[in-house]
Amino acid sequence: MIRDITLGQYYPADSVLHRLDARTKFIGTMAFVVSVFVFRSFLGYGVATLFLAAMIVLSKVPVKFMFKGLRSIFFILMITVVFNIFLTPGEILWHWGILKVTKEGLIVAGKMTIRLTYLVIGSSLMTLTTTPNQLTDGLECLMKPLSYLKVPVHEIAMMMSIALRFIPILLEETDKIMKAQIARGADFESGNIIQKAKALVPLLVPLFVSAFRRANDLAMAMEARCYHGGSGRTQMKPLKYKGRDYVAFLILAAYLAVSIVFRVVGL
């Protein structure tokens, strides 16, 4: 389960998406997330599916690697489906005692499943094709207008970049600690909820100690290199839009136009 989390990981490849500007991918991801909630019918979700499939093909990221990230949210998906099926009022298709399955509940459950799935895949696609440094620079450039309102843009972007960078490191550390505890006789699977929670204590304590140690080492390294925030700092590789970025914006604008048309027409 730990290795199934793909958010925050980077997959090196030579693809069109990897060569796009980080700002283009940020805007594209946000636009795709908005479009998922704009579509209201399964026909609209079909358009979103085609768009997402095309992006996955262009990214050259293995499909198995992309979809294995869904395993980490399997229980959330199941809870969402069950609650929507049994708690949404409407035309009753089946009932047993107090349990009722409605037509509207099945439709809502299907839409929520598609939305959650596409949100995870779309977000993972951005992080898989963008390095943490590129994410930091892109986010800082997009948030730069907020600096006129005294918002610490550079510091916020740096914190988000460090958080994304630490996700795969902490996942690997968790996997190592879990295997070490299992070798010593720990059991993380059997027992009830309370017993499973108690079994996690030998896992969480060394994980938190390791995380704080890494954070302290990083802080000392940044201080030793005279890091004092973003004021007066420059970039070694400034971000510049290229021709492929403008083509990507045109494709994105066409996709958003289709989603708006579907919303207005009611498809």
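Which residues in α11 are buried? The notes below take up that helix and then the rest of this predicted model.

1. Overall make-up. The protein chain has 11 helices and 2 strands. Read from the N terminus, the order of the elements is α-α-α-α-α-β-β-α-α-α-α-α-α. The C-alpha trace spans about 65 × 55 × 40 Å along its principal axes. Of the 267 residues, 33% are buried. Among contacts with a separation of 6 or more, 74% join residues 24 or more positions apart.

2. Helix α11. This helix covers residues 243-265, which is 23 residues. The distance from its first C-alpha to its last is 33 Å, close to the 33 Å expected at 1.5 Å a residue. The buried residues asked about above are D245, L252, Y255, S259 and F262. Their packing partners are α2 (22-38) and α3 (42-59). After the helix comes G266, with a positive phi near 95 degrees.

3. The α3 and α11 pair. The axes of α3 and α11 lie 10 Å apart, and the packing angle is about 170 degrees. Since an angle over 145 degrees counts as roughly antiparallel, that is how α3 stands to α11. On the α3 side the contact is made by L43, G44, V47, A48 and F51. On the α11 side the residues are I251, L252, Y255, V258 and F262. The residues of this contact comprise 9 nonpolar, 1 polar and no charged. L252, Y255 and F262 of this contact are also among the buried residues of α11.

4. The α2 and α6 pair. Helix α6 (residues 103-128) and α2 have axes that come within 10 Å and cross at roughly 175 degrees. The two helices are therefore roughly antiparallel to each other. From α2 the contact takes in K25, F26, T29, F32, V33, V36 and F37. From α6 it takes in R115, Y118, L119, G122, S123 and M126. The residues here divide into 8 nonpolar, 3 polar and 2 charged. α2 is also one of the helices against which the buried residues of α11 pack.

5. How many salt bridges does the model contain? The count is 5. Side chains of opposite charge can pair when their charged atoms come close. Two of these pairs belong to helix α8 (residues 153-183). K176 and E172 form one of them, at 3.7 Å from N to O. They are 4 residues apart, about one turn of the helix. K179 and D175 form another, at 3.4 Å from N to O. About one helical turn separates K179 and D175, because they are 4 residues apart in α8. An α-helix has 3.6 residues a turn, so residues three or four places apart point the same way.

6. Is D175 buried or exposed? Its relative accessibility is 11%, so D175 counts as buried. E172 has a relative accessibility of 43% and therefore counts as partly exposed.

7. R23 and D21. A further salt bridge joins the side chains of R23 and D21, at 3.0 Å from N to O. Both residues are buried.

8. The loop between α3 and α4. K60 is located in this loop. K60 is not a glycine, yet its phi is positive, about 60 degrees. With a relative accessibility of 53%, K60 counts as exposed. P62 also has its place in the loop between α3 and α4 (63-67). P62 counts as partly exposed because its relative accessibility is 34%. The C-alpha atom of P62 is 9.4 Å from that of Y11, although 51 residues separate the two along the chain.

9. The loop between α7 and α8. Where does K150 lie? K150 is in the loop between α7 (132-142) and α8. Its phi is positive, near 65 degrees, in a residue other than glycine. K150 has a relative accessible area of 77%, so it counts as exposed.

Notes
Residues are numbered from 1 along each chain as its sequence is written. This is a predicted model: local features need pLDDT of at least 70, side-chain atom pairs count only at pLDDT 80 or more; totals for chains, interfaces and linings use all residues. Side-chain values use heavy atoms; hydrogens and water are left out. The expected span of a helix is 1.5 Å times one less than its number of residues. Buried means under 20% relative accessible area, exposed over 50%, partly exposed in between (1.4 Å probe, protein chains only). Contact means heavy atoms within 4.5 Å. Axes are lines fitted to C-alpha atoms, for helices over the stretch in contact, and angles run from 0 to 180 degrees between N-to-C directions. Angles under 35 degrees count as roughly parallel, over 145 as roughly antiparallel, 65 to 115 as roughly perpendicular and the rest as oblique. Ala, Val, Leu, Ile, Met, Phe, Trp, Tyr, Cys and Pro count as nonpolar, Asp, Glu, Lys and Arg as charged, and the others, Gly among them, as polar. A salt bridge is a side-chain nitrogen of Lys or Arg within 4 Å of a carboxyl oxygen of Asp or Glu.
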